[in-house]
Number of protein chains: 4
Amino acid sequence: MDAVDVHRGNRHGRSEAARAAVLHAADDLLAERGFAGVTIEGIAERAGVSKQTIYRWWPSKVDVLFEALGDDLAEDLTPPDTGVFADDLRDYLRTLALFLTHSDPGAVLRALTGQAQHDPALAERLRAEHLRPQRERERALLARAGLPPGPGTDAALDRLTGPIYYRVLVTGDPVPPSFTDALADAFLSPGRDHSSASSSA
Amino acid sequence: MDAVDVHRGNRHGRSEAARAAVLHAADDLLAERGFAGVTIEGIAERAGVSKQTIYRWWPSKVDVLFEALGDDLAEDLTPPDTGVFADDLRDYLRTLALFLTHSDPGAVLRALTGQAQHDPALAERLRAEHLRPQRERERALLARAGLPPGPGTDAALDRLTGPIYYRVLVTGDPVPPSFTDALADAFLSPGRDHSSASSSA
Amino acid sequence: MDAVDVHRGNRHGRSEAARAAVLHAADDLLAERGFAGVTIEGIAERAGVSKQTIYRWWPSKVDVLFEALGDDLAEDLTPPDTGVFADDLRDYLRTLALFLTHSDPGAVLRALTGQAQHDPALAERLRAEHLRPQRERERALLARAGLPPGPGTDAALDRLTGPIYYRVLVTGDPVPPSFTDALADAFLSPGRDHSSASSSA
Amino acid sequence: MDAVDVHRGNRHGRSEAARAAVLHAADDLLAERGFAGVTIEGIAERAGVSKQTIYRWWPSKVDVLFEALGDDLAEDLTPPDTGVFADDLRDYLRTLALFLTHSDPGAVLRALTGQAQHDPALAERLRAEHLRPQRERERALLARAGLPPGPGTDAALDRLTGPIYYRVLVTGDPVPPSFTDALADAFLSPGRDHSSASSSA
DNA sequence: AGGTAAGCGAGACGGTACGTCGCGTCTTCAC
DNA sequence: GTGAAGACGCGACGTACCGTCTCGCTTACCT
């Protein structure tokens, strides 16, 4: 913790302090000024770091944000496993909605998803490193429902999580528990009629 | 039609030729070089128009793209009305998927939706001028199913269209007719089991 | 004087009101904001006149200023003729110094002379329309001293007025009566020694 | 001398190569296209330098020209000292006339003097950094004539150099040796009559 | 008395240059 | 050999004026 312990960058490797300061500064700037307010020069100034240090380790500002996202999806969005599938599913969807709408890493993910619409390489990287692993975790959840693995699982997940992302990214409507619970219920009790979907909203 | 008839811009109003050239150029640039390749200077050069003319009428490049979107949603995405609701719904979802994934205005909409993640004002404008009117057209479609108007309609639409937008904006998976038909079927026959959803894929 | 009498411009000639407003506005702008602050658009706005009206009658802003100078040199700088040459000469040099340093048309002349350093056409026009006629008036003054016409007159005038212009345009030193009187004295009594020139300063 | 030795600009200071290229380009443009043809963009392009580099070191194009003037006055206009005052004075006035009318730095000085008519700050800077030091060198010349220092010296210099500047800046007349010699003679032999001044012209 | 043509205001237009911001590269020196 | 500092070439930004143009109004004068 002491200044003595801080790597300043030398032949023994990069400065962890600089790395953390950069990621932190990028996060802050995204929260304070939005995506356009995140600039390499701004990050460098706020982090007390030189531009060169940033360019040495990250190819672009989206890579900084990408790394700032870290393992937050794995940490925050691993579905629970209580043994009661219905509860686990409802829980997970609620957590996902909350993550996307109100968490700091959720804001980063939204910004990156937005940028991914302009940048196919970023899109692919997001999918490979975050979205497909997350999908894998979701598949594991559904597997506990006794569903046989297969394309049906993915289709079901698209129907479960798609409307949540849709509200977050497109309509901007809030995503309350009533909404995610209804999605879960539709999966759990496919026979219920349409109006019942709203009765629980 | 003659050159005599061309508004060149005077006290009686702006030049329609310049307006059209700008919108067209913006569209082209988006298609050719992506969102980052759309610059005011680039639009001006390609449209044979001065920068000032663009700034006179549009606050920013997203406003140009916004106007370039025009009434394409209303024109291309008004659900059909053949009298057979099931066909109409299936048709509409297929059309929506095609629009989002393979049409020029769909590309503009994707870019704007991406940018909207960084720009709340744009997000609101997109919703007010395009998404909510589109939702209204979708409500009219569902009304023909005999569904009573109410929040249930919106929830149903979120489940019908949400997964399509999700694939387009997030996973990047293709959205084939089998996928949209399955969504329609799930709405039309809520009792079918999950695996059947994929059997038609 | 009534509005009825104001030419608004028609087939029979230009609007005198517009002309005067333009010249006045140019003058004001020069005084208030300096030469760089004189723009065609600024003149048009302040004069309540359209740009086109200015361009119809003047090729450029320097032409406006040029016309704003009017006959001020002839009016303000015609040497007096009291019959006493020494007094006339002293008077004239004092008047010239005052005109150049503290009058409104003097400010216009200084600005135009400055601009003439960048614009040979303007320089020639200034000389043809103002400076050479002024030189002619000065020659007439010297002729009354009994000096035979010839190149000697011009050389003498260069020595009489040159130092005044020099102070105004180059050193920025004030040009008090003592200075101009000394110039006159040096001409009137060429035998006086150098130090006496300053003793009257 | 090698490329290795060229400062490219870093924490230890600016690039001397860029500085020289900018000054050279500005000089060239002034000579080729006149003052209005000197633009920051034009300098940048011709010098192979970015606009930002110019703005980093010079507030305006006038400042570039100012620096381009360098020490040329001190170098070219230091009066000679042969021990024969009359010769020195005649020589100096001839050199001054030639400098102002036909040298490259003289053209820069004329342009700056012209611009100084529109810009008091530039006027003061010209005087402080170039004109007053030059006046000091001229005073030293006159001191060798045995003239006691005092305001008489300045008045005499105004009469010696004023007419030269006057012809250069105002009338545009040529300034031949006969003209400057006559000025020198009038100083050296104040008793000669007026007509004699022209006889040597 | 009506038609006509010039002067006028308004202001949109294609341009050029402005001065600024951020990019990504580079070089140097301290540690 | 990392990192802070910061100059550099570059590209785009948004603004100010330029000089040109077209339009519709007004106003004599001239059928």
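**Helix packing and an aromatic pair between chains**

Over all chains, the structure holds eight aromatic pairs, a pair being two rings of Phe, Tyr or Trp (its six-membered ring) with centres within 6.5 Å. One of them is formed by Tyr166(A) and Tyr165(B), at 4.9 Å centre to centre and with 35° between the planes, and it is tilted; planes under 30 degrees apart count as stacked, over 60 as edge-to-face and the rest as tilted. Tyr166(A) belongs to helix 9 (residues 151-171) of chain A and Tyr165(B) to helix 9 (residues 151-171) of chain B, so the pair joins two chains. Both Tyr166(A) and Tyr165(B) are buried (under 20% relative accessible area, with exposed over 50% and partly exposed in between, for a 1.4 Å probe and protein chains only).

The model is predicted: local features need pLDDT of at least 70 and side-chain atom pairs count only at pLDDT 80 or more, while totals for chains, interfaces and linings use all residues. Residues are numbered from 1 along each chain as its sequence is written, chains are lettered from A and ligands numbered from 1 in the order in which they are written, and side-chain values use heavy atoms, leaving out hydrogens and water.

Chain A has eleven helices and zero strands, where helices (H or I, at least four residues) and strands (E, at least two) are DSSP runs numbered from the N terminus. Of the 201 residues in chain A, 47% are buried. Contacts (heavy atoms within 4.5 Å) between residues at least 6 apart in the sequence of chain A join residues at least 24 apart in 54% of cases.

Within chain A, Glu138(A) sits in helix 8 (residues 120-143). Glu138(A) is buried, with a relative accessible area of 3%. Apart from neighbours within four places in sequence, Glu138(A) is in contact with Tyr92(A), Leu157(A) and Thr161(A). Ser178(A) is 40 residues from Glu138(A) in sequence, and their C-alpha atoms are 20 Å apart in space.

Turning to chain D, helix 1 (residues 16-33) and helix 2 (residues 40-47) have axes that come within 8 Å and cross at roughly 120°. The two helices of chain D are therefore oblique to each other; angles under 35 degrees count as roughly parallel, over 145 as roughly antiparallel, 65 to 115 as roughly perpendicular and the rest as oblique. Axes are lines fitted to C-alpha atoms, for helices over the stretch in contact, with angles from 0 to 180 degrees between N-to-C directions. Helix 1 of chain D passes helix 2 of chain D in a right-handed crossing (the near helix is turned clockwise from the far one by less than a right angle; anticlockwise is left-handed). By class, this contact of helix 1 with helix 2 of chain D has seven nonpolar, one polar and four charged residues. Ala, Val, Leu, Ile, Met, Phe, Trp, Tyr, Cys and Pro count as nonpolar, Asp, Glu, Lys and Arg as charged, and the others, Gly among them, as polar.

Helix 1 of chain D also packs with helix 4 (residues 61-69) of chain D, at an angle of about 100° and with axes 9 Å apart. Helix 1 of chain D is therefore roughly perpendicular to helix 4 of chain D. Residues making the contact include Val22(D), Leu23(D) and Ala26(D) of helix 1 and Val64(D) and Leu65(D) of helix 4.
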